[in-house]
Amino acid sequence: MCKDAVVFFNKPKGVDLEAGKSYMYCMCGRAKEGVFCDGSHKGTGCMPLKFTVEKSKAYLLCRCKSSKNLPFCDGTHSFYGEDDVGGPVMGE
């Protein structure tokens with residue numbers, strides 16, 4: 001988790017991912033869609049997370065930036081309300 005991250009949204013996003021393909025996951029919470037890096041982390045202490053998956057299928061990706069299993073959702077978003085969106089990510 002990045003100390004400069006913000007909560008992009010309090011629900012995950014379902015995305016179809018291809019096995020063996022490299023993806024760059026947004027760790028800062030500032031990317032346009034909140035899932036894949038678009039360079040919006042510049043000026044923060046955050047860097048994107050490179051990842052691949054073993055199976056081609058739909059996955060739920062974290063947009064609260066608090067999952068213990070990033071980039072995948074683990075349900076942590078349930079601790080955030082609508083008022084928390086855009087605010088800092090909870091500390092550990």
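The largest cavity of this predicted model is lined by Lys11, Pro12, Cys62, Arg63, Cys64, Ser67, Cys73, Asp74, Gly75, Thr76 and His77, where a cavity is a set of points, on a 1 Å grid over the protein atoms alone, at which a 1.4 Å probe fits but cannot get out, and where lining residues have an atom within 4 Å of a point. The volume of the largest cavity is about 40 Å³, a volume being the space filled by probe spheres set on the points, with grid points joined across faces, edges and corners. The structure holds one cavity of 30 Å³ or more. The lining divides into four nonpolar, four polar and three charged residues, with Ala, Val, Leu, Ile, Met, Phe, Trp, Tyr, Cys and Pro counted as nonpolar, Asp, Glu, Lys and Arg as charged, and the others, Gly among them, as polar.

Local features need pLDDT of at least 70 and side-chain atom pairs count only at pLDDT 80 or more, whereas totals for chains, interfaces and linings use all residues. Residues are numbered from 1 along each chain as its sequence is written, and side-chain values use heavy atoms, with hydrogens and water left out.

Threonine 76, one of the lining residues, lies in the segment after β4 (57-61); strands (E, at least two residues) and helices (H or I, at least four) are DSSP runs numbered from the N terminus. Threonine 76 has a relative accessible area of 15% and is therefore buried, the classes being buried under 20%, exposed over 50% and partly exposed in between (1.4 Å probe, protein chains only). Residues up to four places away in sequence aside, threonine 76 touches Cys64, Ser66 and Ser67, contact meaning heavy atoms within 4.5 Å.

The segment after β4 also contains lysine 65, which has a positive phi of about 70 degrees although it is not a glycine, and which counts as buried at 1% relative accessibility.

Four aromatic pairs are found in a search of the whole structure, rings of Phe, Tyr and Trp (its six-membered ring) being paired if their centres lie within 6.5 Å, with planes under 30 degrees apart counted as stacked, over 60 as edge-to-face and the rest as tilted. Phenylalanine 51 and phenylalanine 72 form an edge-to-face pair, at 5.9 Å centre to centre and 85 degrees between the planes. This pair links distant parts of the chain, since phenylalanine 51 in strand β3 (residues 49-51) and phenylalanine 72 in the segment after β4 are 21 residues apart. Phenylalanine 51 is buried, with a relative accessible area of 8%. Ring pairs join Tyr23, Phe36, Phe51, Tyr59 and Phe72 into a cluster. Lysine 57 lies over the face of tyrosine 59, at 5.1 Å from the ring centre (a charge sits over a ring if NZ of Lys or CZ of Arg is within 6 Å of the ring centre and within 35 degrees of the ring normal).

Phenylalanine 79, in the segment after β4, counts as exposed at 62% relative accessibility. Its C-alpha atom is separated by 8.3 Å from that of asparagine 10, 69 residues apart along the chain. Glycine 45, in the loop between β2 (23-25) and β3, counts as exposed at 56% relative accessibility, and glycine 45 and cysteine 2, 43 residues apart in sequence, are 6.9 Å apart, C-alpha to C-alpha.

Definitions and conventions:
On a 1 Å grid over the protein atoms alone, a cavity is a set of points where a 1.4 Å probe fits but cannot get out, and a pocket is an open set with protein on both sides within 12 Å along at least five of seven lines; lining residues have an atom within 4 Å of a point.
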